[in-house]
Amino acid sequence: MDSAMPQPKGRTLFEIENLRKDYPMGEVTVHALRGVSLQIYSGEFLVILGPSGSGKSTLLNIIGGLDAPSGGRVRFKGQNLTTYNDAQRTQYRRRNIGFVFQFYNLMPNLTAEENVELATEIAPDPMPAREALGLVGLQERRTHFPSQLSGGEQQRVAIARAVAKRPEVLLCDEPTGALDISTGKLVLRVLADINKRLGATLIIITHNAVIGEMADRVVRMADGTARDIIVHATRRSVEELQW
Amino acid sequence: MVIGVLHRKLLRTIFRSWGQSLAVIAVVVCGSACYITIYSAYLNLRLTRDTYYAQCHFADFEIMLERAPAAAVFKIAEIPGVRHARARIVRDVNVDIEGVDEPRIGRIVSMPNPRAPVLHDIVVTEGRYFEPGAQSEVIVNDRFAEANGLQLGDRIHVSMEDKKYPLRIVGLGLSAEYVYMIRNVQELVPSPERFGILWVPTDFAETALDMRAACNNILGDVDRPEELDLILDQAEKLLKPFGVFAKVKREDQISNRFLSDEIHGLGVSARIIPTLFLGVAALILLVLLNRMVRMERTQIGLLKAYGYSDWTVAFHYVEYALILAVAGCLGGFALGARLSVGILRLYVDFYQFPLLEFRVYPDVLTWAMGLSIGFAVAGATFAAVRAARIHPAESMRPEAPRFAHRIWLERFPRLWRAVGFTWKMILRNIGRNAFRASLNIFGVAVSTGLLIMGFFTMDAMYYGMEYQFNEVQREDVKISFQGERGRDALYDMQRFRHVRYAEPLLEYPFEVRAGWRKKDIIVIGLPQEAQLLKLMTFRRGEISIPERGVILGDYLAGELGVVPGDRILMKPLMGRVTREREVVVHGITEQFLGTTAYMDLHALSRILDEPFAMNAALLRIEKGAEQAVNRAFKDIAGIASVGFREKAYQSLLDTLAESMRIMNVTLLAFAGVIAFSIIYNVTSVSLAERQRELASLRVLGFTAGETGSILYYENFLLGVIGMAFGIPVGMFLSRLLVRAYESDLYRLPFHIDQTTYVISIALTTGFVALANWAVRRKIHGLDLVEVLKERE
């Protein structure tokens, strides 16, 4: 492993400069991000690693347009995200971002296929919902409701939903956090596969260091700063990971 | 302090969800305020009536006669069971008041002089009773005096039997007999400036009305009211030779009838309206607390694991309901006090009491509190029991997810595929929470129904009056004579200046009988070609007067149980002719005021053994000649009264408009509170339960508006269904009202204007929109990051 030379995989997608986020909590202010600078490249698989409270979720939320920073700048393809208002952030999410959360956040009232269609309906250039479900290996179960699916299956539906709008970026917040090891591995394989086949930039945040071995680069966060960046010359496959 | 902490948790919950808490409180406020206002009004009015009746020695019966010797009263008093009897003279006369050109009618009522305790006694509120031997003194009904600017010492002139008599006002007074002071049923609402009571010494009445030692009105009271029918039959036999117009039991006495109907109506409303509100509050609490218990499952388990008893935990949720109920009821006390003042004002406008005190009884307040708490606790019980049943160990595991299932519509795949996501989610969600959806529909339906009922009362009254005053009555002036006249009287009328056209009328009291059913009514004789009084069928077709046979009002036909083609027996209640005649029922006319039958004038005259008789005339006069006509007629001997249709109509409209306005504003507020608080609460609960869903949509890139529309559309869909149900609910409530107010005196026509539906639906849509608007705040404030981090 070599941490000296970051090797860009594609062109720069995100330019993050001195990003800060403060949460005023009554009399004290929590500094969730204390000046993070980072470049994220198109098509890469990036893992952001850190213990809870390190600011990794905050970073992800700002990149994903769910939250606005207190200071610093985020450029997405040269556009300054930091100046976006709520409506613009909604449009930005709609066009560019696919989210996957620890808890799957599926609509309980919609079947697997309908959940995916939810995303395709508002995207400008979506893939057919069945194709997206095929990517995650769930074509057979498309008429099931979330409550009829296992946790792993639900997460795969969530991934299919995120992927179906062909987002440029796939943001995953502890996607395996609620799953057992074997199911978790399955989900990771699907994510890595999508990154490879569709070329979507994949950003996973996790506190599980093992997952980092699959990535092109790993950003280690602690105390609201990016401590170091590790670049892997070769990615390991899921099967090679030791939990 | 173990309980202390739970209390604090509770109070914070209440304050945090202040919108929902307030909405529940508002419903309880309405319920308890209604209860307090209506039930207090009921008690107060009943108490006032009973005290006042006792004070004035309200008579148990009244017999109206043509003319009887005053001594006849002794025969009545001798009937077993009769305690007292009183003879008096009652006659409506025209009153001249200086500076007033409009027609004023005074009812002369003779009173003993010197004063003695008598049946239907009066209360002198200002001034004094008559001096011994006084001839030209009068005690005037105080409302009439006030409306006409009359004061003690003023003089008025009354026209009696060809002469004008000056009378000096020595006192202002009231009588229990005229709490609701209307001249006859046709007037419906009092207009104290046009009609008042003039109490005069018996001596004066006898002289001026040419009734020496005679009377035309006998009052009596009895030992046992259940013997009244028997006693009245005996009295009728005794008085037969003197022409009995009508025998009136206390319960049928006009003023008492209106007042007692009102009191009865209040008693019924006091039960129904608060129940409706408090029931709604209970249902909302049911939904709110169920949601709360489900959400706090883990916390409940934890409390129990720490050693809190099931009972303590269950009570915690009951307490929530309790606090809202008590807060609501206290608000109800305040609102109730205000509304009571309003209702008092309304009653003072319509009823005349010497003293109408509006007390709020401690008992009523206690009951209001008890009822509010009772309903709230009932609403909370289900959730409380659920909380008590939660097992600590189980509670730490998430509750088994509720299965989403396909709904009925999905059996039609082609149809279902055409449905968008928003609607798929909405429809499945309705299917999943059927109870909540029904509650929503219920709230909208009740609100729509209440509005329809409220506007219906207005529609019905205007419709009924329009019918009566424009369709049926078409005269400009009605002249009533004292006693019957021949054809000459009609020619006299036609010769008057300003009179363009005149028609004769004969109004005569009869007893009509069909089998065992009988009724005392007025039969009206009119010419076959009558232009100024038209009879109508339900389809608004005119009915021509048949040469033979009688046309009955619809209510009368119902009471007698006859249809066209049947035969009825008619017997005059006064005059020489006493034999019964059989007459064919020729037709039925729609009738909202009074209970009458109609016949050809000549046929009716023949029944009375006369070739032609009339005792009233209907006139059409030149435009703008009303005052001239009034002046010309009011002093003519033998004319009992002069009535102007347009004026009567206007004054009725004015009086009703005001009271309708008050009633409708109140109703609007109530309907709004019900619709708003049900929809707002149900939606809030739904939102809380689905915030993760909604936040996910926001993350996917749906805008706040698009996300909210799921809830808004659901509410509007349920709203539309609710309104569809609301229409029959409104019709049902209106029918109930028609049924409740049906009497010999008047009926409400079941007529609902199209605009009533439109306005009611528009208003309810407004309430739904308002509730959506209130929820909107919560959707926009949804913290995406926080919501999605939470565990499912």
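This is a predicted model: local features need pLDDT of at least 70, side-chain atom pairs count only at pLDDT 80 or more; totals for chains, interfaces and linings use all residues.
Helix α14 (residues 434-472) and helix α22 (residues 754-780) of chain B have axes that come within 9 Å and cross at roughly 145°. The crossing of α14(B) past α22(B) is right-handed.

Which residues of α14(B) meet α22(B)? On the α14(B) side you'll find B:Val444, B:Ser447, B:Thr448, B:Leu451, B:Ile452, B:Phe455, B:Phe456 and B:Asp459. Facing them in α22(B) are residues including B:Tyr757, B:Ile761, B:Leu763 and B:Phe767. By class, this helix contact has 11 nonpolar, five polar and one charged residues.

Now step back to the domains. Here's how the domain assignment divides chain B:

| Domain of chain B | Residues |
|---|---|
| domain 1 | 1-60 + 255-400 |
| domain 2 | 61-254 |
| domain 3 | 433-472 + 647-792 |
| domain 4 | 499-621 |

Take domain 2 and domain 4 of chain B: their C-alpha centres are 29 Å apart. Seven residues from domain 2 and seven residues from domain 4 make up their contact. On the domain 2 side, strand β11 (residues 244-249) of chain B gives the largest share, three residues. That side has four nonpolar, two polar and one charged residues.

Finally, how do the two chains touch? Chain A puts in 23 residues and chain B 22 residues. On the side of chain A that touches chain B, α2 (86-96) and α3 (112-122) of chain A each supply at least two residues, and α3(A) has the largest share with six residues. Sorted by class, that side of chain A has 12 nonpolar, five polar and six charged residues.

Methods. Residues are numbered from 1 along each chain as its sequence is written. Chains are lettered from A and ligands numbered from 1 in the order in which they are written. Two residues are in contact if their C-beta atoms, placed from the backbone, lie within 7 Å. Helices (H or I, at least four residues) and strands (E, at least two) are DSSP runs, numbered from the N terminus. Ala, Val, Leu, Ile, Met, Phe, Trp, Tyr, Cys and Pro count as nonpolar, Asp, Glu, Lys and Arg as charged, and the others, Gly among them, as polar. Axes are lines fitted to C-alpha atoms, for helices over the stretch in contact, and angles run from 0 to 180 degrees between N-to-C directions. A crossing is left-handed if the near helix is turned anticlockwise from the far one by less than a right angle, and right-handed if clockwise. Domain bounds come from an automatic or database domain assignment.
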